[in-house]
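Please keep the structure open alongside the text.

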Amino acid sequence: MTAADGDGHTRRRLNAAASTLLPGNADWPDGGTLGLADRMIARAAGTPRFRAALDEFLRQPDEGLSPEAGSAARDEAMAALQARDPGVFGLLLMVVYDAYYTHPDVLALISARTSTRPGPPQPEGHRLPLLAPRDLTRVQQSGVRWRDDGEPAARAVRDAQVADPDRVWSEEEIASWSE
Amino acid sequence: MSARERTEVVVVGAGASGAALTWRLAQASVKVTCLERGRWHAPEEAPQHHSDYEGSRLRERAPNPNHRGAPEDYPVLEDRSAIKPLMFNGVGGSTVLWSAHAPRMHPSDFRVHTLDRVGVDWPISYWDLAPYYELNDRISGMSGRHGDPANPPRTPRTTPPVPLGAAGHRVAEALDTLGWHWWPPDGQILTEDVGNRLACNGCGPCELGCPRRSRSSADVTYWPGALASGARLVTDATVTDVLLDGSGRATGVQWIDESGLSHVIDADAVVLACNGVGTPRLLLTAGGDARPDGIANSSGLLGRNLMLHPIAAATGVFSEPVDSWAGNTAFALLTQEFYETDRSRGFVRGYEMQLVRGHGPLITALGGFALDVPWGRGHHERFDALFGHVATFAITCEDLPDPENRVEIDPDVTDRHGVPAARMIYRVDDNSRAMIAHGLASAERIFETAGARKVLTAGLVEQAGFHLMGTARMGSDPRTSVVDPDCRTHDVPNLVIVDGSVFATSGAVNPTPTIQAVALRAADRLLADRRRTL
């Protein structure tokens, strides 16, 4: 059995894994009920490390991880897999979470629970207020703090910066430091 | 079957440094050809217009080449490295998957041995690079605010700083309460429209690419001008050898195209810009069996002194929403309170702390920065408590050079063209560990002052090896360095290296602006040589 087979048993195994990792609660849907298997198989198809991990997961004995096992037995079997093969487990987790947290129903739910939008971040983006210059006054008044390296330019530049911390320098002036 | 052609300067690698150098040479009418093993990735290909944008970070836009596994990637063996390699192969190089935080090194960073009796001094100073930092800022576009008292002066920035955001305002107030330094950092992200580049609209995940071209990846900044000035860029071109004549001068490079056809390009000068792993890999394998130590390695230091910047993370969890997903991910503000040496802290040199915002739902669920999100029962409750409620300090530590930290060649693993893989061998030293402990304690103090209800910490972030430095060290003495102050290899004077390999020490800041300033300066030195020989 491999993820590429995509047969009914494979799908049930993958949905059971999603249900174990993301069991849902009063506010959140169970990963298994969302039918994530097809999304998981699609993600694995284009990514060799994910495909290999899903195949390895599907090669594990059915006992404990099967859809028919109870949730406590599946929790125990999943924890055993995590301890036995953390690499495979970590990749399985990525595939399941990728399928869940990019699912339209879950994104809509997150949007309803927070101030995010349900869609992608573009084209609207997020508007945040710009910094007010007054916010920097305390820091600037605390004094020049970079360390003198002993080079000829350092002392003169430092003295000028102490005299006027907010002075506007030109590229030409800065180029003269190395002359 | 093979093809042969000629150019004045051949550049290997079209990333941050290769792009900057090629632009500078092309502007001076030099016939320059750049070979890039990857392809163009148009900014519009970035995934933020799609609802499953976050998943791309696990797949085709994964920063670790071993996870991404694209045909143009080469294997980097990481089993003996505490920090894993992150890089990208394509036009723009690793700036394609870049958060664009762009602080400069300090003057003291170039005089580490003189000032603190550790590491080595650079053979050039901050003041030598200052004009090139400015040039790079102008060409790339830089948001920020001049007047930071922790750094020497600079010109007004191209656009105002990125917004602080809700968490940033809280943390800034906390730093003011503590009397500690902070500043809105320089970032290669435009906050106003400039030409065909749109102002950042704070969509979030800069590290996946920027469809608005607000972020200054090298494909957006340097390459259009370079090509308009006559530079030639060949993509899907994997360089497999650097060719020398009987007198030991470089005559060009051999490369393989996508179809497997072998080519030779002859040149007056060869410039390597393949990053701190790719450059030593190419030089250590160059010449084949006839040169078991590679090329430009009479010092024995090629591949040695690998520096990666150990990074730790501390995440403040706030009871109230701080909309962590909004705004550019990687930097809201920067504190360099602990940047310069104070031996009473228990370590030498220092670290910077950049305030990182949060992630979208998927990466938050996977643990993001230093989060503890269980699977199974309790997962959803923890997600609710964290998503949109966090901010993180990334603590970037100066990494002192150690010759045992290195890039080696593993002949048993090869890329698709049969070129042996690189292996990173790297351990974190006690000085860095002391810095990490101090940095985490500092972050906890800031977040507690800012009203965070909890602080979660990660001692060392494993997937953080973006800053690849030191493996072809710059110096004046051929016995103790690989390249001279103008980036020419001591052994092969018309072979030049301009990527992070040439860093003598690392500083404690993101290296890209310094890499680009060094590359622009090296271009001017090549132009000066050319004028002398005309």
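B:S81 stands opposite B:Y426 in β13(B). This is a predicted model, where local features need pLDDT of at least 70, side-chain atom pairs count only at pLDDT 80 or more, and totals for chains, interfaces and linings use all residues. Residues are numbered from 1 along each chain as its sequence is written, chains are lettered from A and ligands numbered from 1 in the order in which they are written, and side-chain values use heavy atoms, leaving out hydrogens and water.

Helices (H or I, at least four residues) and strands (E, at least two) are DSSP runs, numbered from the N terminus. Two strands pair if DSSP finds at least two bridges between them.

| Strand paired with β13(B) | Sense | Bridges |
|---|---|---|
| β3(B), residues 76-81 | parallel | four |
| β12(B), residues 406-414 | antiparallel | six |

B:A422 of β13(B) is the bridge partner of B:V76. B:A422 also has B:I409 opposite.

The three strands form an open sheet, ordered β3-β13-β12 in chain B, with mixed pairing. β3 and β12 of chain B are the edge strands, each pairing on one side only. From one strand to the next, the twist averages 30°. Axes here are lines fitted to C-alpha atoms, for helices over the stretch in contact (heavy atoms within 4.5 Å). Angles run from 0 to 180 degrees between N-to-C directions.

β13(B) spans residues 420-426, and six of its seven residues are buried (under 20% relative accessible area, 1.4 Å probe, protein chains only).

Five residues separate β12(B) and β13(B) in a hairpin. In the turn, B:G418 has a positive phi of about 85°.

Key:
Buried < 20%, exposed > 50% of the residue type's maximum accessible area, 1.4 Å probe, protein only.
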